[in-house]
Every structure is written in structure tokens, then in C-alpha cells.
Amino acid sequence: MNWASARCISLLAASLSGCAALPPPPAGFQLFTEDTRIWHEAGGEREAARVAGLLDAAVTRVEYVHGMPFSRPPRVHICVTQACFRRLVSGEGYTAAVVPGDRLILSPLLFGRELTRLPGILTHELSHLHLGQRLGHYTPWLPVWFHEGLATLAAEGGGAEFASDGEARGAWLEGRQVDFGRRDVPGRRHRADDYGLTTQEFYRQSWRFVEYLRNRDPGAFTGMLRAIQSGTDITISVADAYNSSLERLGHDFGAAGR
């Protein structure tokens, strides 16, 4: 399984939060009548039923971690053929993605050889969708590590299954560390390669740092998330909530042996 499967595609789209109506589903999809949040490629009724059985719990989990409801009911699109998925999701190696049009796309691999990953990946991508409904997909001023760390936290590790805590910590001790104070800007997003990490190590370090922020001060974490989701710059949101900088918090995270 390619490392990129759980990563939301980086697309600088305008915020959709003010849109009153969603665009129609892609051609070739039909509504799953038992749950109108789900659309599937022809022949995908069984896959849709499986997602329907997971969706309420995944939505509840994301809203709990983010501290806010979805702006609009999420829409999940299920491909039952790889041709469908390749048509909607550019790039190689993905098994799920959020794309423009407020669409979460699932690959047929998640209903076959990677079935055990489906609950986590669904929740991970719903976190991306939740954030994107307010801020746009993808938000250039919000670091990639935050997008992925928050999504993996919501998914309780979903998306970072292929790197252990020991491997992520070992990379950290070798000096291959996410620089949580480094700014992302339009046209320059800092990803795993910038830190000498595999993407799974990057996800893992990002997840554990976001988790560290929550555990360090749950009230500050809630305030930070609310500010970020209202459009406040992350450095200001963190400073206001924690009375500290991302650089300092990253240092403390490393010193804590995480």
C-alpha cells in the first residue's frame, strides 16, 4: 500500500463555507437511498451499505475532536473500479482523497485488500473535509503537519498505520524531525521529504504532536482549534491559547520523549 493513501490532495480551492448548494455528484454515480450522504458507482450497493454502517460514528468522532459540527452534511463517493477512482483523483498511490466540490472519494481497495483500514481512513478524510468546509481545500497558511496530525488524531491513528511510534521516535532522535515552527505559504508546503522523513513517519510525528498539545492543556487545545477554524493564523491561535510559540512547544514535545 502506498504511503499516500490517506492524504488529502493538496488543492488551493476557495473556501466553500458560504455555498448554499453542493454541486451534483460526478457522472456515473447514484444515490444510496438508505443514506443520502453516500453516492456510489453503479454496482456499489454493498460497499455503500458498509460505509453507511460506519459513517455516523466517524462523523461524531470528527465533530468531537474538532469541537464543531460539520458545516454541511458530508458526502462520500464510493468507487468500485480503479478506473473511476483514477478519473476523480489525480496522482498515484491514493486510496482516499478529498477533492474540490466537497467530495470525499473512496477507492475500491478499501473494500478489498485494505478493508481493515476503512474505518480509520474514512474518519481521517472526514477530518480533512470538515476543515475544508470552513477554510478551503487545502489551506495554504495552515501547515501540512497540522492538517495530517489533526486528521490522524481524529482517526485514532488512521493514516499512520505503517510507521510505529518507535520508528517515528527513532527518526526524531536521528534529527529527522518535523519543524513545527516552520511556516507554510502558498506555493511552498513543507512535507515529509523536507524533513528527511517517510510520509508515514511524518504523519506519526504530526499526530503525536497534536495529541501532545491536547494532553498538555485540553482547554488551550479547544481554544486553539476554535480560532484556527474561524480563520485565525495558526501562530496567533497557538500563542493566544498556550502563551507559547510553536517552536517552544515543539521543543517541549521532543524533550518529553515523544
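This short talk covers the aromatic ring pairs in the structure above.

First, the ground rules. This is a predicted model: local features need pLDDT of at least 70, side-chain atom pairs count only at pLDDT 80 or more, and totals for chains, interfaces and linings use all residues. Residues are numbered from 1 along each chain as its sequence is written, and side-chain values use heavy atoms, with hydrogens and water left out.

How many aromatic pairs are there in the whole structure? A search finds 12. Rings of Phe, Tyr and Trp (its six-membered ring) pair if their centres lie within 6.5 Å; planes under 30 degrees apart are stacked, over 60 edge-to-face, the rest tilted.

Take Trp145 and Phe180. Their ring centres are 5.0 Å apart and their planes stand at 85°, so this pair is edge-to-face. It links distant parts of the chain, 35 residues apart. Trp145 is in helix H4 (residues 144-154). Phe180 is in the loop between helix H5 (165-173) and helix H6 (199-216). Helices here are DSSP runs of H or I, at least four residues, numbered from the N terminus.

Buried or exposed? Trp145 is buried, at 2% relative accessible area. Phe180 is buried too, at 3%. Buried means under 20%, exposed over 50%, partly exposed in between, with a 1.4 Å probe and protein chains only.

Phe180 also pairs with Trp172. Centres are 6.2 Å apart, planes at 25°, so that pair is stacked. Trp172 is buried, at 9%.

Now the wider picture. Ring pairs link Trp145, Phe146, Trp172, Phe180, Phe209, Tyr212 and Phe253 into a cluster.

Terms used: Helix = DSSP H or I, 4+ residues; strand = E, 2+ residues; numbered from the N terminus.
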